[in-house]
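Q: How should I read the strands and helices here? Please show me the model and start with the terms.

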Number of protein chains: 2
Amino acid sequence: MNSARILDSLFEPKNIILIGAAHTEKKLGGILLNNLLRSKVRIYPVTPQYKVLMGIKAYPSVGEVRELFTASGALVDLAVIVRPAPEVPGILRELHPWTKTAVIVSAGFSETGQAKLQDEVKNIGKETGIRLVGPNCLGVFNAHQKLDALFLAREKLKRPKRGNVAVISQSGSVMACLFEAIRTSNTGVSKAVGYGNAIDIDESDFYDYLARDSHTGIVISYIESVGYGRKFIESARALSQEKTLIILKSGKSFSSQAAAFSHTGRLAGRYEVFSSVLRQFGIKEAVDFDDLVDSAKALSYQTPLNRGSGRRVCIVTNGGGSGVLAADECTKQMLDVTRVREEKVQKLREVFPPFYSLSNPIDLTSQVKDTDYSVVLETLKDDYDGFLIIALTTVAGITGALAGIIKDFRETTNKPLVLYTDSNSSTRSIKALFEKAGIPSYPSPERAARGLNALINK
Amino acid sequence: MNSARILDSLFEPKNIILIGAAHTEKKLGGILLNNLLRSKVRIYPVTPQYKVLMGIKAYPSVGEVRELFTASGALVDLAVIVRPAPEVPGILRELHPWTKTAVIVSAGFSETGQAKLQDEVKNIGKETGIRLVGPNCLGVFNAHQKLDALFLAREKLKRPKRGNVAVISQSGSVMACLFEAIRTSNTGVSKAVGYGNAIDIDESDFYDYLARDSHTGIVISYIESVGYGRKFIESARALSQEKTLIILKSGKSFSSQAAAFSHTGRLAGRYEVFSSVLRQFGIKEAVDFDDLVDSAKALSYQTPLNRGSGRRVCIVTNGGGSGVLAADECTKQMLDVTRVREEKVQKLREVFPPFYSLSNPIDLTSQVKDTDYSVVLETLKDDYDGFLIIALTTVAGITGALAGIIKDFRETTNKPLVLYTDSNSSTRSIKALFEKAGIPSYPSPERAARGLNALINK
């Protein structure tokens, strides 16, 4: 069976066996069961201790579930394993040949020096054909199917809303932090996986699958090391041609990880080599955690310009200083903060008070009215490729009506447009209005500039 | 009178005349009056329209107030002017010789092409001896005196708590955004000023004053251009020797501002020149808005190491990936993420489970207990110069007790120590506990690393 179909079993399982289920959320097996029960999928929890867990029938052993399936000839799509590491090889053998995929949540493998045990599990995967995620991993998540096979409680880690960003993370803790940052930045997630030690299914397999996933438009990928360099580059490149892939690579600075792209195919290697390979193949890289989240937000809200489009940006502000900070960062990102054409300056000068500054940034000052933004945008819509709007709500002239004005403009031009606004409590509702209208909002002028850059410098 | 004593009149006035007072917060003069009434200072609002404003006696003209003062021979410490620009010269002449300082909030001077009017005001200042802040400025603020002479309503812009960070901003909008960012990052402000066009009192005067201000430990300064280069450098350097000064310079990239440090003493100039001069004199520069706020937060919470101290940092985490991201940023900031000495690894190995990773970052994994952090810190306290703690609360083992543990450690060693934690709703109380214990918390691993850097790379 090819990887893409196998990943259907993983992300859209029709049934799930949970080995190591528990009755309480004080245990990982209980958290997982509680999360899994949110989906409409049939769950088979396995525990020797209880006959009923959280209101559904439990099975005393893997064998009892096997009997059900071998009798009917059906297969289990997904096994989730949370038993101690030394038990995992035996469990996998029991799951054969009636189980397609297994997520091994359990830790205690290579990451703690148990390389031999990890190799054994890897070999069993190859022998049996059960495709494996993990071990030592957070699990899988599919917002469009309500599949939640993550071992973190929903009270402890709220899930982001449904959206078009897929999160592929080697690290569970980084994935949790990404979930939180994505949620608070009002961005939505399609699918997510924390894949840990990656003894079988790895980032390349996920890239191949997501390239064809209709719910996913942007893939963000946190990577510590890459197993098979050539496969990784091929998959990342293919995905980048279909959708946006943004990679955040850690371990940038450890000489201990040094080992260039070698004949063995391992690309863990020196960060500089990794980074230059990405650049060479046109694969986007985030500089840090915030950059990853900010770029994903921009691309989730709006369609980026085609490669080779112009990069002239106009900054429209009601606070001079914030406009200059945004202009600095735009310039740093190689965007072109070119002056307003003299003809257009004259046109704007006719309708605006003399103290508005009409170069670029255009400063509407604290005397601004909502409709001023509309005048600027309509006048300059053909002169620029993207717009950065700064609307500081500490002055009286900025109201919720501005969101509607900007939305109308976006609908006629469809050019990239992002917002920076201050973060007063009164701003929250204005931000929400903007984001409902498809305008991503950022908490600093520089972050807004980097968000705009993600939409222009494809 | 020297500048320092003049600035006492500005920041700690005993009486204030408000010219252009209004009865409603729909007008700037009403917002200012409402804000000024929070202090215990005697206010003399001037308006021809009302006899009583917001419950206090109003005066129909500047002349009526002058009569009071010339009769008694007393002086007014501070005049706040919010009348239209063309009226300002006449008002200043009326304020002479019974007024020490004036904040000209009014806009409509050089920033809108009215250079002649600005020159006139400047000359009147020189002739009369009234020392001027502005024009075109946000105003002054002194948290320790409850002086609030800012023209933004408190509902629109909440004020930060009282603290030791002074905010000196050429731009009013940037100052408002800084206030908001400082407040939400739980940092406190001592004094603040938005000084606008700076025709008289400028950043250098504020630096001189703050160098001797007992309430101020850190000065953050947003600058667009500098009038007198030599004076600026001398004051900035002198302040940096007493306290921490961090400058955020905008207009980094505009060739239009090019003009190097010339014999005329103007340092507006090319950004590269400005930046290299700062470096040469050991004056700190922030790379962007967030960096300014994050550095100020670290320095507000803790005392930085002396120049020339070591820069070995230890990262203690319960999430592997986040630890590596922090380590990357520390290394980028030239901090030394040196490995734990073998002798200490052995010592820790005796008490910790085998799957804890004991290099650097030290990864206590999702199986962490609060007390593990204490064990690590106690064992390594003499091996490192600073610590970056990552405590992700999505796992069960992290509780509010951790704040107490870290606090106790800080009290015995006093070494720089910062926190990164995730931003779940459940984290808010833990963050608050940490910050009460003097540990600054940051919203991403990289920002925590930069916060730690501010405390070590002085």
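A: Two strands pair if DSSP finds at least two bridges between them. Helices (H or I, at least four residues) and strands (E, at least two) are DSSP runs, numbered from the N terminus. This is a predicted model: local features need pLDDT of at least 70, side-chain atom pairs count only at pLDDT 80 or more, and totals for chains, interfaces and linings use all residues. Residues are numbered from 1 along each chain as its sequence is written, while chains are lettered from A and ligands numbered from 1 in the order written.

Q: In β12(A), what is the bridge partner of A:Ile168?

A: Strands of a sheet pair through backbone hydrogen bonds, either parallel or antiparallel. In this case, A:Ser221 of β12(A) is the bridge partner of A:Ile168. Strands β10 (residues 161–169) and β12 (residues 218–223) of chain A run parallel, joined by five bridges.

Q: In what order do the seven strands of the open sheet in chain A lie?

A: The order is β9-β8-β11-β10-β12-β13-β14 (chain A), and the pairing is mixed. β9 (147–150) and β14 (284–285) of chain A each have a single partner strand, so one side of each is left without a neighbour in the sheet.

Q: Which strands does helix α6 of chain A touch?

A: Contact means that C-beta atoms, placed from the backbone, lie within 7 Å. Axes are lines fitted to C-alpha atoms, for helices over the stretch in contact; angles run from 0 to 180 degrees between N-to-C directions. Helix α6 (residues 172–184) of chain A touches β10, β11 (188–194) and β12 of chain A. Its direction makes about 155° with that of β10(A).

How values were computed
Contact = placed C-beta atoms within 7 Å.
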